[in-house]
Amino acid sequence: MAEVDVISRPQNSEEPPTELDPAVRKALVWKQDLRIVPLCAAIYLLCYLDRSNIGNAKVLNAATKDDLLSQTKMSNFQYTIALMVFLIAYALFEVPSNILLKRLSPSKWIAFLMLSWGAVTMGLGGAHSYGAVTAIRFLLGVFEAGLFPGLVYYLTFWYRTDERSIRVAAILASATLAGAFGGAIAYGVGHMNGTSKLSAWRWLFILEGIPSCLSSIFVFFFLPDYPETAQWLTPSERANAISRLRLEGSKGSARTTWKEARETLTDWRLYAHYAIYFGISTPFSSLSLFTPSITSGLNYKGLQAQLMTVPPYAVAYVVTLLVSWSADHFNARALHSALFATIGAAGFLASAVLPPDAYTQRYGCLIVAASGAFSCIPPLLGWLSSNLHSTGAAGLAIALNISFGAPGQIAGVWIYKANEKEKGYPTGHWTNAGLLFFVAAGCVGLWGYYRALNRRSLREEGRAKWAL
């Protein structure tokens, strides 16, 4: 297939770059996808596995008192504190991490983070007290903080605004896949209880930390940094990749200026995005950490409770990919997020009002709730990044967006109360339902605001500037 070069234009030109021949554009994007998306998804899968496995460790072999809480003599309150300090570290280090990603290059920084969080996860397998678990979880938050906002920012170097949601979804959906794998792995590792005189929960941390450490070497050498430096692209492909992103992507050579930072920090429409992301963060966090506990409260006992966490995550994985593809295809990210936030809210609401012993129905509601809550996140992130128009704004705003979600994630560790297990965890379900309705309302409101801005920009400039 013959390649078509893009006509180069001055960097300060406001005229849009010449469009590639569709076949050439498709081939170029596909080549990028094969190199970037599976690797990023695998990285996030390992990150999420190492973050959420503490939820499996909490209930693993609890019947024989060989679980995390029993052997470290932690109370449920102390366990919640250990979860919370992870999120505090997560919030504090997201923005600095995105700055370092840009300064040190994505491949070097992400490889360093992987090696660090893998080693820290293995260290959890040697914890013997509440203090040790809490300190190690804080360190885990420090090193994992930069990954997800870093990957979302990283995609802006390679993809146009209408191409990002589905790729963010492929990465984020690996979290749901990790949730499914985590339950299955915990089920298998549960049978190792007592092997080499180690409890199964210790083996869980050790065995799930090793792949992150080993994979960091591969990431260091094979994760491409920027189109400008991609030697695996031909010179013509490299020129096309750079040119097509001139007005819609972040630049590898660009540096964030104080002017860009100030403008981003005082752009008040962005805080509406942050508020919406705060709303989705509580359901995301609580499902990530408490799905094993929720299934345990649905009359599934022992290792079966671990295995029953798999279907909700597996269904959510498929739904997330389909919703994100549709959001990009129809260029309607806000309305997709609003719709599926409402569906997720309905799932939590039904769980809250059903009788505690309606186990089958409430398990079905858990699947609906997880699918709705997870699937509206990638379009939200794609929507935000599509409405950022400089490298500095993209790096800072994406990190701030995830940081503003941290208080919501902290709330998520408190709402599923251990003393409500027999009642079906109503506080957690009601809270998540309310926040997802807030997300839906916020999406519709912000969508209306951007529509109004587009009408004005069409009158004044002849083009719509804002993504919906």
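Q: Which residues of α6 are buried?
A: Keep in mind that this is a predicted model. Buried here means under 20% relative accessible area. Nine of the nine residues of helix α6 (residues 147-155) pass that test, so the helix is largely enclosed by the rest of the structure. The buried residues are Leu147, Phe148, Pro149, Gly150, Leu151, Val152, Tyr153, Tyr154 and Leu155.

Q: How many disulfides does a search of the whole structure find?
A: A disulfide needs two cysteine sulfur atoms within 2.5 Å. Take Cys47: its closest cysteine sulfur is in Cys40, and at 12 Å that's too far for a bond. Cys443 has its closest cysteine sulfur in Cys376, but 7.0 Å is too far as well. Over the whole structure, the number of disulfides found is zero.

Q: Is Cys443 buried or exposed?
A: The cut-off for buried is under 20% relative accessible area. Cys443 has a relative accessible area of 0%, so the label is buried.

Q: How many residues apart in sequence are Arg25 and Glu163?
A: The side chains of these two meet in a salt bridge, 3.5 Å from N to O. Arg25 lies in helix α1 (residues 22-59), while Glu163 lies in the loop between α6 and α7, so the pair ties together parts of the chain whose separation in sequence is 138 residues.

Q: Which residue is linked with Arg25 and Glu163 in a network of salt bridges?
A: Arg25 is partly exposed at 31% relative accessibility, whereas Glu163 is buried at 8%. The network of salt bridges they belong to also includes Arg244.

Q: Which helix holds the salt-bridge partner of Lys31?
A: The side chain of Lys31 meets that of Glu237 in a salt bridge, at 2.9 Å from N to O. This pair links distant parts of the chain, 206 residues apart, with Lys31 in helix α1 and Glu237 in helix α9.

Q: What is the distance between the closest N and O atoms of Asp33 and Arg167?
A: Asp33 is buried at 13% relative accessible area, and Arg167 is buried at 12%. Asp33 lies in helix α1 and Arg167 in helix α7, so the pair ties together parts 134 residues apart in sequence. They form a salt bridge, and the closest N and O atoms are apart by 2.7 Å.

Q: Which residues gather with Arg451 in a patch of positive charge on the surface?
A: Arg451 is found in helix α18 (residues 426-461), and it's partly exposed at 35% relative accessible area. Gathered with Arg451 in the patch are Arg455, Arg456 and Arg459.

Methods:
Residues numbered from 1 in each chain as written. Predicted model: local features only at pLDDT ≥ 70, side-chain atom pairs only at ≥ 80, totals over all residues. Heavy atoms only, no water. Patch = residues over 30% accessible without salt bridge, like charges linked within 9 Å, V, L, I, M, F, W, Y side chains within 5 Å. Areas by Shrake-Rupley, 256 points an atom, 1.4 Å probe, with all protein chains shown as cover. Salt bridge = Lys/Arg side-chain N within 4 Å of Asp/Glu carboxyl O. Lys, Arg positive; Asp, Glu negative; His and termini not counted. Charge placed at Lys NZ, Arg CZ, Asp CG, Glu CD. Helix = DSSP H or I, 4+ residues; strand = E, 2+ residues; numbered from the N terminus. Buried < 20%, exposed > 50% of the residue type's maximum accessible area, 1.4 Å probe, protein only.
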